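Please look at the model below before reading on.

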Amino acid sequence: MNQIDFINFKGKRALVRVDFNVPLDKETYEITDDTRIRAALPTIKKILQDGGAVVLMSHLGRPLKKLNDDGSINHEKFTLKHIVKRLSELLNTDVQFANDCIGSEVLAQAQSLTSGQVLLVENTRFHKGEEKGEEAFAQALSQLGDIYINDAFGTAHRAHASTTIVAKYFDADHKAFGYLMNAEVANAEKVIHQPEKPFTAIIGGAKVSDKILIIENLLEIANNIIIGGGMSYTFLKAQGIAIGNSLCEDDKLDIALKVLQKAKDKNVNLYIPVDHIIADKFDAAAQTQITSVNNTPEGWMGLDIGPETIKLYTSVINASKTILWNGPMGVFEMEAFQKGTKSVALAVAEATQNGAFSLVGGGDSVAAVNLFQLGDKVSFVSTGGGAMLEFFEGKILPGVAAIQQ
Ligand code: AMP
């Protein structure tokens, strides 16, 4: 597999798939968080510094799923034009824009680029061929560059035209991961293929159903699995423990029991909360109590892990050499229920300082480490929510395979 660092882009036109699916203000369409744009800069700058030209493509939202009332595409909302100004500022150059991502006009624009110039093409998802992974559409995209670089890890789990299919029109010497994608894949592979032991996976969040595949796969490789958040209650109820009004997926009780059994069979320590903070309603100003998980009064619900659980989880984390964290330990968006998530974040940061390798990924755990300003105290924060989850579920990501083959 080729590496971006080994490619000299001088005189070449690189077609780069980035993830510019950034949040926009609903009224003004101003970018409210430019993290994803910044994340793509090292790759773009490397190509420009070599003396190459860059054609950038990305999706933004789901324009074909959110059509106007008359069935037309809402161009105003989903156009990548919203990105041009910020990107130009960040690159310190005037970024050109093409009103479509395929066709003779954009092709001519791409072909007329000179060294150091950047062209951003319109939202790939304006075409149905994108999400369907249509070959003809992918081939049309491929004409925009001499070399294909994929730097969009966030969409690597989709076999879309611009993330996967397009790669087949470039031979092994003319395609590579960008820096962001390279780091994501290398760090994720390090955790899954060569974790230094003990390897602890911390899995939290609302629902077991979202995390069951990742837990099942981790049972094959982890020494410890720590469970927190709303999903704990399906495990507790499955063992006959009364959980009051806590979140529960009754159709997943069987699976929870199977996971508990499998953990025993495989000698994996699976930790479930022993105490928790309960509330009389789902509200930041609810009345709260700390109880053992065996003592949840009827009508109350568990919204965070308790002090004994924090102590237990912290000691497991501190003794770990590899840590994977996905999902909060409680309703961390409300101050009254954020101590568990914060304590786990601090424990992961401390273990990292003591030499452990820690990877945090998935939307809400990333939000949590950022909220507690611990993002630079863990080894790696993954930007790819769904892609990262699917990777740790043991799936092959089509966008990764398309480059590695
Ligand atoms: P997920 O997207 O599955 O990682 O879930 C994250 C969401 O789970 C966050 O919005 C949390 O507020 C929520 N959550 C965590 N713990 C609980 C809990 N005990 N009860 C209800 N929701 C929870």
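1. Start with Lys211. One of its polar side-chain atoms lies 3.2 Å from an oxygen atom of the ligand. Keep in mind that this is a predicted model.

2. Next, look at the backbone. At Ala206, a backbone N or O atom lies 3.0 Å from an oxygen atom of the ligand.

3. How much of the ligand's accessible area does the protein cover? On its own, the ligand has 510 Å² of accessible area, and the protein covers 82% of that.

4. Now step back to the whole shell. The ligand is surrounded by 14 residues. Ala206 and Gly230 are among the closest, along with Gly302, Glu333 and Asp364. By type, the shell holds six nonpolar, five polar and three charged residues.

5. Which pocket does the ligand take up? Its space is the second largest pocket.

6. Finally, view the protein as a whole. Domain 1 spans 4–182, and domain 2 spans 195–392. Their C-alpha centres lie 36 Å apart. The two domains do touch: five residues of domain 1 are in contact with seven residues of domain 2.

Terms used: Residues numbered from 1 in each chain as written. Predicted model: local features only at pLDDT ≥ 70, side-chain atom pairs only at ≥ 80, totals over all residues. Heavy atoms only, no water. Near = heavy atom within 4 Å. Polar contact = N/O pair within 3.5 Å; in protein donor to acceptor, adjacent residues only side chain to side chain. Areas by Shrake-Rupley, 256 points an atom, 1.4 Å probe, with all protein chains shown as cover. 1 Å grid on protein atoms, 1.4 Å probe; cavity = no way out; pocket = protein on both sides within 12 Å on 5 of 7 lines; lining within 4 Å. Sits in = over half its atoms within 2 Å of the grid points. Nonpolar A, V, L, I, M, F, W, Y, C, P; charged D, E, K, R; others polar. Domains from an automatic or database assignment. Contact = heavy atoms within 4.5 Å.
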